[in-house]
Amino acid sequence: MAGEQDLLATEIVNRGIESSGPNAGSQTFSVRVRRRLPDFVQSVNLKYVKLGYHYLINHGIYLATIPVLVLVFSAEVGSLSREELWKKLWEDARYDLATVLSFFAVFVFTLSVYVMSLPRSIYLIDFACFKPTDDLKVSKQQLIEAARRSGKYDEGSVEFQKRILMSSGIGDETYIPKAVMAGENCATMKEGRAEAGMVMFGALDELFEKTGIRPKDVGVLVVNCSIFNPTPSLSAMIINHYKLRGNILSFNLGGMGCSASVIAIDLARDMLESNPNNYAVVVSTEMVGYNWYPGKERSMIIPNCFFRMGCSALLLSNRRRDYRRAKYRLEHIVRTHKGADDRSFRCVYQEEDSERLKGLRVSKDLVEIGGDALKTNITTLGPLVLPFSEQLFFFAALLWRNLFGHAGPQQPPTKPYIPDYKLAFEHFCVHASSKTVLDELQRNLGLSDANMEPSRMTLSRFGNTSSSSIWYELAYLEAKERVKKGDRVWQIAFGSGFKCNSLVWKAMRRVKKPARNPWLDCIDRYPTIN
């Protein structure tokens with residue numbers, strides 16, 4: 001019971017002046033009790049640490065043997081003077097030239113095979129984020145009034161939406177399709193295709209302009225959109241619109257939630273490794289209007305309050321000659337899936353309500369389930385990115401906790417050493433889902449306000465744009481000209497299933513303010529002070 005109470009947080013909410021009833025004219029308050037993220041840094045599962053170290057050893061064994069070989073060779077050579085060394089080499093070459101040449105040929109061949117077998121680096125040449133036109137911009141108050149005018153919601157549902165919006169962290173300049181604001185039926189294939197064309201083609205037009213490549217140069221295309229999956233697919237829409245080549249490898253990912261951009265990049269990476277000297281385009285988006293819920297069940301109204309229009313398009317390459325013009329190099333991808341657990345599987349679930357109205361139901365356990373998935377993901381990622389000192393402290397404290405941390409029922413458990421992820425990354429792009437989730441993540445990971453600034457400002461300016469939100473956050477960092485050569489960027493996203501996925505990039509150069517960026521016309525107004 002005590003453990004359950006630790007996951008509850010209380011908040012006093014000012015509900016304004018009562019307009020009617022016995023308390024008319026006076027201020028009214030309510031106490032809100034909600035679940036918060038579990039303190040996952042206090043309960044790390046050892047098996048996930050082992051998995052991370054397994055990845056590290058697999059990739060680090062070669063680096064571990066090279067210094068030993070160099071040391072042995074240096075000890076042998078160091079015992080000889082320069083004259084003795086040259087004399088020995090000349091005599092060996094003169095009396096056993098065939099052996100020397102054979103050894104040299106085998107060495108060159110082995111080195112060539114090893115270099116050719118190494119996976120090619122994956123470079124992010126550039127990316128683009130779609131910015132809708134101003135006629136689609138809505139404030140929180142406008143959205144509330146539109147909900148009231150539509151006649152689809154009773155007054156209790158409208159007030160519920162108002163309370164959620166006012167505490168959501170979303171600002172007054174987000175974007176929503178016109179059909180939603182007009183109160184029309186927007187869950188149609190026609191409206192879905194219209195919104196898809198607007199956001200995807202807008203982002204891709206900008207991407208092709210920024211990179212200068214021709215659409216026919218693209219060899220791999222991956223599109224992810226969770227809710228709207230028409231036939232022909234969204235990837236087919238893009239192929240038809242840009243007349244892409246006939247042998248393109250195209251994929252359309254559906255139902256993968258807000259972390260799908262990481263999954264799409266993982267798939268594109270695999271395709272590029274199998275197809276050298278190629279370009280891959282990844283498009284991440286979500287159709288807001290198609291999944292707008294017109295009913296009264298509050299757990300299904302919540303997505304209406306957070307999700308907004310958005311789309312990202314990025315160009316990946318495994319061509320070695322793109323090294324100099326690339327912005328970032330892909331370092332790590334770590335994916336976590338909790339779908340085997342029934343609660344995790346159903347915590348974000350698309351279904352019909354009692355009136356057979358389709359929507360996305362959000363469980364009250366979402367924050368707790370997300371915290372568990374995040375704990376698993378970062379525990380696996382840690383050994384790959386943390387400095388050795390942090391890994392040593394963390395692993396030693398973890399062993400101590402597991403072996404000696406529970407000495408008796410009256411003694412509190414030993415707190416583990418909490419790794420400082422600020423030592424591993426210069427920039428953080430955390431999926432901008434809601435203010436509550438960002439607050440809890442900041443507290444649990446020990447991040448500063450500056451670390452969370454891209455996520456909070458993206459939530460305020462563009463809302464929750466689903467899988468593309470981590471790219472609006474990186475665009476914010478670029479607009480602020482904060483990305484320097486060698487900087488490491490951590491993008492972390494989570495979504496239905498339940499999944500938590502991480503991307504790690506390394507900046508190849510100092511990124512100057514782009515000529516096209518969704519933040520350019522307003523970047524001087526951010527960060528805002530709340």
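Which helix holds both Glu145 and Arg148, and how many residues apart are they? Both lie in helix α5 (residues 140-150), three residues apart, about one turn of the helix. Some notes on this and the rest of the model follow.

1. Ground rules. This is a predicted model, where local features need pLDDT of at least 70, side-chain atom pairs count only at pLDDT 80 or more, and totals for chains, interfaces and linings use all residues. Residues are numbered from 1 along each chain as its sequence is written, and side-chain values use heavy atoms, with hydrogens and water left out.

2. Glu145 and Arg148 form a salt bridge at 3.2 Å, N to O (a side-chain nitrogen of Lys or Arg within 4 Å of a carboxyl oxygen of Asp or Glu). An α-helix has 3.6 residues a turn, so residues three or four places apart point the same way. Glu145 is partly exposed at 30% relative accessible area, and Arg148 is partly exposed at 32% (buried is under 20%, exposed over 50%, partly exposed in between, with a 1.4 Å probe and protein chains only). Helices here are DSSP runs of H or I, at least four residues, and strands are runs of E, at least two, numbered from the N terminus.

3. Two other salt bridges. In helix α8, Glu206 and Lys210 meet at 3.7 Å, N to O, and they sit four residues apart, about one helical turn. Glu206 counts as buried at 8%, while Lys210 is partly exposed at 26%. Glu368 and Arg343 also pair up, at 3.5 Å, N to O. That pair links distant parts of the chain, with Glu368 in helix α13 (residues 366-385) and Arg343 in helix α12 (residues 342-346), 25 residues apart. Glu368 is buried at 17%, whereas Arg343 is partly exposed at 41%.

4. Salt bridges that share partners tie Asp126, Glu206, Glu209, Lys210, Lys327, Glu478 and Arg516 into one network. The whole structure has 36 salt bridges.

5. The sheet. Nine strands make an open sheet with mixed pairing, in the order β7-β6-β8-β9-β3-β10-β15-β14-β13 (two strands pair if DSSP finds at least two bridges between them). β7 (249-253) and β13 (427-430) are at the edges with a single partner strand each, so one side of each has no neighbour in the sheet. Strands β3 (residues 123-129) and β10 (residues 328-337) run antiparallel, joined by two bridges, and Leu124 stands opposite Tyr328 in β10.
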